Amino acid sequence: HAIVSLRYRPNIIARSLVTKTTKHIAILVNDLKNPYYAEITEGMQEVAQQEGYLVSLIRHGSSTDETITDLAYRYIDGLLELTTPRRSHAIEAKLKEFGIAYISDVFVDYSDAVENAIRHLSELGHRKIGFLSGLPAEQPDHDRFICYRLSLEKLGIGFDPTLVADGVPPYNTTISAGCEAMQRLLSARPDLTAVLSVNDLMAIGAMRAVRKTGLRVPGDISVVGCDDIFLADSVDPP
């Protein structure tokens, strides 16, 4: 009766000083504007709420290590990294010191998807298939670029580095970044007939760049994206 009449609410901050837990999990991402991360977080939030946890989505900023250190001092209970680059070994030690559960190696197998996309383009007669990297193409964990290169070789098309629009600092994978990358690629290789983008946002930007040059999608250039975000169904062509 007293709890109801006084509208008592437990002080989570005070409780955490005793329990050393905050019921708070953080997710680090590269880009808060990408709907891809919002869909992932929505699924995580549904599960977390069932266990009484709060999930925060945080852009890591210019330094992943500094961001993680700041979160550690806030005594979060768990950390999930969906960022590039990954944390350093020193930060891994920091997380262990604070007893924070963490996952940093979330791997999505794009090999079948990328190979199917390249094969589809090949069956349509394309041989000059570009790639919008977004991230540094030679980055060791750039899985989609690795799959793109292997798929070209597997299908007997051959890899041509001049058909790759490499990422540029600060390595955004946004619509504007896709437009800029496609403009660079079209300028360097006007004979390009198809392009695979690292994600859907950059693919949408690529379509914008193609139209700016007076060309048509897919009449003159075919464009393929990755992730199938909800916006992909709203562009023309979808």
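Two strands are taken to pair if DSSP finds at least two bridges between them. By this rule the model, which is predicted, with local features requiring pLDDT of at least 70, side-chain atom pairs counted only at pLDDT 80 or more, and totals for chains, interfaces and linings drawn from all residues, contains an open sheet of 4 strands in the order S6-S5-S7-S8, with parallel pairing. Residues are numbered from 1 along each chain as its sequence is written, and side-chain values use heavy atoms, with hydrogens and water left out. Strands (E, at least two residues) and helices (H or I, at least four) are DSSP runs numbered from the N terminus.

The edge strands of the sheet are S6 and S8, each of which pairs on one side only. Strand S5 (residues 129-132) is joined to strand S7 (residues 194-197) by 4 bridges, and the two run parallel. Within this pairing, Gly130 has Val195 of S7 as its bridge partner. S5 also runs parallel to strand S6 (residues 164-165), to which 2 bridges join it; here Phe131 stands opposite Val164. S7 and S8 pair in the parallel sense over 3 bridges, with Val195 opposite Val223 of S8.

In a regular strand the side chains alternate between the two faces of the sheet. In S5, Ile129 and Phe131 point one way and Gly130 and Leu132 the other way, and all are buried (under 20% relative accessible area; exposed means over 50% and partly exposed in between, with a 1.4 Å probe and protein chains only). S5, helix H7 (residues 143-154) and S6 make a right-handed β-α-β unit; right-handed means that, with the strands pointing away from the viewer, the path from the first strand over the helix to the second runs clockwise.

Rings of Phe, Tyr and Trp (its six-membered ring) were paired if their centres lie within 6.5 Å, with planes under 30 degrees apart counted as stacked, over 60 as edge-to-face and the rest as tilted. The count comes to 8 aromatic pairs. The rings of Tyr73 and Phe98 have centres 5.2 Å apart and planes at 85 degrees, so this pair is edge-to-face. Tyr73 belongs to helix H4 (residues 64-73) and Phe98 to the loop between helix H5 (89-97) and strand S4 (101-103), so the pair ties together parts that are 25 residues apart in sequence. Tyr73 is exposed, at a relative accessible area of 51%, whereas Phe98 counts as buried at 18%.

Phe131 and Tyr148 form a stacked pair, 4.8 Å centre to centre with 20 degrees between the planes. This pair links distant parts of the chain, Phe131 in strand S5 and Tyr148 in helix H7, 17 residues apart. Both Phe131 and Tyr148 are buried. Ring pairs link Phe131, Phe145, Tyr148 and Phe159 into a cluster. The charged end of Arg144 sits over the ring of Tyr110, 4.2 Å from its centre (NZ of Lys or CZ of Arg within 6 Å of the ring centre and within 35 degrees of the ring normal).

Helix H9 (residues 200-212) has 13 residues and reaches 19 Å from its first C-alpha to its last, close to the expected 18 Å (1.5 Å times one less than the number of residues). H9 is mostly covered, with 10 of its 13 residues buried, among them Leu201, Met202, Ile204 and Val210. The cover over the buried residues of H9 includes helix H3 (35-50), S5, helix H8 (175-188), S7 and strand S8 (222-224), contact being heavy atoms within 4.5 Å.
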